[in-house]
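I open this notebook page to record what I looked up in the model, entry by entry.

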Amino acid sequence: MQLKQLIDSIPKGFSKTVYKSQTYSLIKTTYNTGDSIKIFAEELGDTDVISANIYSLNSNYILKPCEMPKQKVLHFLNHKQDF
């Protein structure tokens, strides 16, 4: 799935998701009329975190992870399951 589809499939605000059999809180916040998006996921009951900023540039989404490898964020986005 393309990055734009992955990000667009996340509801705005707070939701829960399952990743690697663990429940995560997931927050999606949009800024600048949708040109800038932040996702933050936190494993409930443990310490794992997924955090990234996404920028929309000419209909393309650019992923900028926050202090973690891009592969970790993409794996989370591709393998999370709706709660």
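I take two strands as paired if DSSP finds at least two bridges between them. Strands (E, at least two residues) and helices (H or I, at least four residues) are DSSP runs, numbered from the N terminus.

Before going on, I note that this is a predicted model, in which local features need pLDDT of at least 70 and side-chain atom pairs count only at pLDDT 80 or more, whereas totals for chains, interfaces and linings use all residues. Residues are numbered from 1 along each chain as its sequence is written, and side-chain values use heavy atoms, with hydrogens and water left out.

**Entry: the sheet**

I looked up the strand order and found an open sheet of six strands, β5-β4-β3-β2-β1-β6, with antiparallel pairing. Because β5 (60–65) and β6 (81–82) stand at the edges with a single partner strand each, one side of each has no neighbour in the sheet. As background, strands of a sheet pair through backbone hydrogen bonds, either parallel or antiparallel.

**Entry: β1 and its partners**

I followed β1 (residues 13–19) to β6 and found two bridges joining these antiparallel strands, with Val18 standing opposite Gln81 of β6. Towards β2, I found that β1 is joined by seven bridges, again antiparallel. Thr17 stands opposite Tyr24 in β2, and Ser15 stands opposite Leu26 in β2. The two strands form a hairpin with two residues between them, and Lys20 in the turn has a positive phi of about 50°.

Is Ser15 buried or exposed? I noted this residue of strand β1 as buried, since its relative accessible area is 14% (buried means under 20%, exposed over 50%, and partly exposed in between, with a 1.4 Å probe and protein chains only). Leaving aside neighbours within four places in sequence, Ser15 is in contact (heavy atoms within 4.5 Å) with Tyr24, Ser25 and Leu26.

**Entry: β2 and β3**

I then checked β2 against β3 and found eight bridges in the antiparallel sense, with Thr30 opposite Ile37 in β3. This pair also forms a hairpin, here with four residues between the strands, and Asn32 in the turn has a positive phi of about 50°.

**Entry: Lys64 and Tyr55**

I placed Lys64 in strand β5 and read it as partly exposed, with a relative accessible area of 46%. Lys64 touches Ala52, Asn53 and Tyr55, not counting residues up to four places away in sequence. From C-alpha to C-alpha, Lys64 lies 9.0 Å from Ser51, and the two are 13 residues apart in sequence.

Tyr55 belongs to strand β4 and is likewise partly exposed, with a relative accessible area of 36%.
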